[in-house]
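This briefing goes through one protein chain, topic by topic. Keep the sequence and the 3D view open while reading.

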Amino acid sequence: MADSANVTTIKRFYDIADGRITGDPTGLFTEDVKIYTPKFGVAAGLDAMVAAGKGRAMFRHMKHHLDEFQIVEQGDRVVVEGTTEGETATGRTWDGRKDIPGHFCAVFDFRDGRICRMHVYFDPDLGHEDADRYPWWQQQATPTANA
């Protein structure tokens, strides 16, 4: 089954964000886009979206596993559950397919073919650098591929 136009737009956004293709991601969003990410909060507008994207500077590289996304679409809303892998600026690596960090869920709303709302939910401690504050972290069972 072919992707809808909205799903194609989301995948293009992740392709640009991950550097698989070149392009300006702001054209995929409305001028008044509303965004949310942990540690950044809620904001509106393209300038806020660009500012939130600068948080990627904490990574040497990061990529989303697009082919493994779980996607639910209803009307103008698309929910994406997926995983990432990469390396932090301090050299710590993660792979959400094998470890706790790297799982995310993103909710996208569309208006006139462009993203007007993007709320992304994830644990920003992708390199386990904050694990000492969470004693249960070390007691987690080994994740399975179907988690």
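**An aromatic pair and its surroundings**

Tyr-14 and Phe-69 are both buried. They belong to a predicted model, and the points below begin with this pair before turning to other parts of the chain.

**Aromatic rings**

- Seven aromatic pairs turn up when the whole structure is searched.
- One of them joins Tyr-14 and Phe-69 in an edge-to-face arrangement, with 5.4 Å from centre to centre and 75° between the planes.
- Tyr-14 sits in helix H1 (residues 5-18), while Phe-69 sits in the loop between strand S3 (59-64) and strand S4 (70-74), so the pair ties together parts that are 55 residues apart in sequence.
- The angle of 75° counts as edge-to-face because the cut-off for that class is over 60 degrees.
- Ring pairs also build a cluster, whose members are Phe-13, Tyr-14, Phe-29, Phe-69, Phe-104 and Phe-108.

**Overall layout**

- The protein has two helices and eight strands.
- Read from the N terminus, the order of these elements is α-β-β-α-β-β-β-β-β-β.
- Of the 147 residues in the protein, 39% are buried.
- Counting contacts between residues at least 6 apart in sequence, 52% join residues at least 24 apart.
- The accessible surface is about 8800 Å², and carbon and sulfur atoms account for 51% of this surface.

**The nonpolar core**

- In soluble globular proteins, nonpolar side chains tend to be buried together.
- Here the largest nonpolar core contains 24 residues, and those with the most contacts inside it are Ile-10, Tyr-14, Phe-29, Ile-35, Val-80, Phe-108 and Met-118.
- Two or more residues of this core come from each of H1, S1, H2, strand S5 (77-88), strand S7 (103-111) and strand S8 (114-122).
- H1 gives the largest share, five residues.
- Phe-29, one of the core residues with the most contacts, touches Phe-13, Leu-46, Met-49, Arg-114, Ile-115 and Met-118, leaving aside residues up to four places away in sequence.

**Thr-30 in strand S1**

- Thr-30 is part of strand S1 (residues 29-37).
- Its relative accessible area is 4%, so Thr-30 is buried.
- The side chain of Thr-30 makes a polar contact of 2.9 Å with the side chain of Asp-32.
- Apart from residues up to four places away in sequence, Thr-30 touches Leu-46, Arg-111, Arg-114, Ile-115 and Cys-116.

**Ala-48 in helix H2**

- Ala-48 belongs to helix H2 (residues 46-53).
- Ala-48 is buried because its relative accessible area, 14%, falls under the 20% cut-off.
- Ile-35, Phe-40 and Ala-43 are touched by Ala-48, again without residues up to four places away in sequence.
- Lys-34 is 14 residues from Ala-48 in sequence, and the two C-alpha atoms are 8.6 Å apart in space.

**Cysteines**

- How many disulfides does a search of the whole structure find? The search finds zero.
- Cys-105 has a relative accessible area of 27% and is therefore partly exposed.
- Cys-116 has a relative accessible area of 14% and is therefore buried; Cys-116 is also among the residues that Thr-30 touches.

Conventions: Residues are numbered from 1 along each chain as its sequence is written. This is a predicted model: local features need pLDDT of at least 70, side-chain atom pairs count only at pLDDT 80 or more; totals for chains, interfaces and linings use all residues. Side-chain values use heavy atoms; hydrogens and water are left out. Helices (H or I, at least four residues) and strands (E, at least two) are DSSP runs, numbered from the N terminus. Buried means under 20% relative accessible area, exposed over 50%, partly exposed in between (1.4 Å probe, protein chains only). Contact means heavy atoms within 4.5 Å. Rings of Phe, Tyr and Trp (its six-membered ring) pair if their centres lie within 6.5 Å; planes under 30 degrees apart count as stacked, over 60 as edge-to-face and the rest as tilted. A polar contact is a pair of N or O atoms within 3.5 Å; within protein, one must be able to donate a hydrogen and the other to accept it, and residues adjacent in sequence count only if both atoms are side-chain atoms. A disulfide is a pair of cysteine sulfur atoms within 2.5 Å. Accessible areas come from the Shrake-Rupley method with a 1.4 Å probe; for residues, only the protein chains shown count as cover. A nonpolar core is a set of buried Ala, Val, Leu, Ile, Met, Phe, Trp, Tyr and Cys residues joined through side-chain atoms within 4.5 Å.
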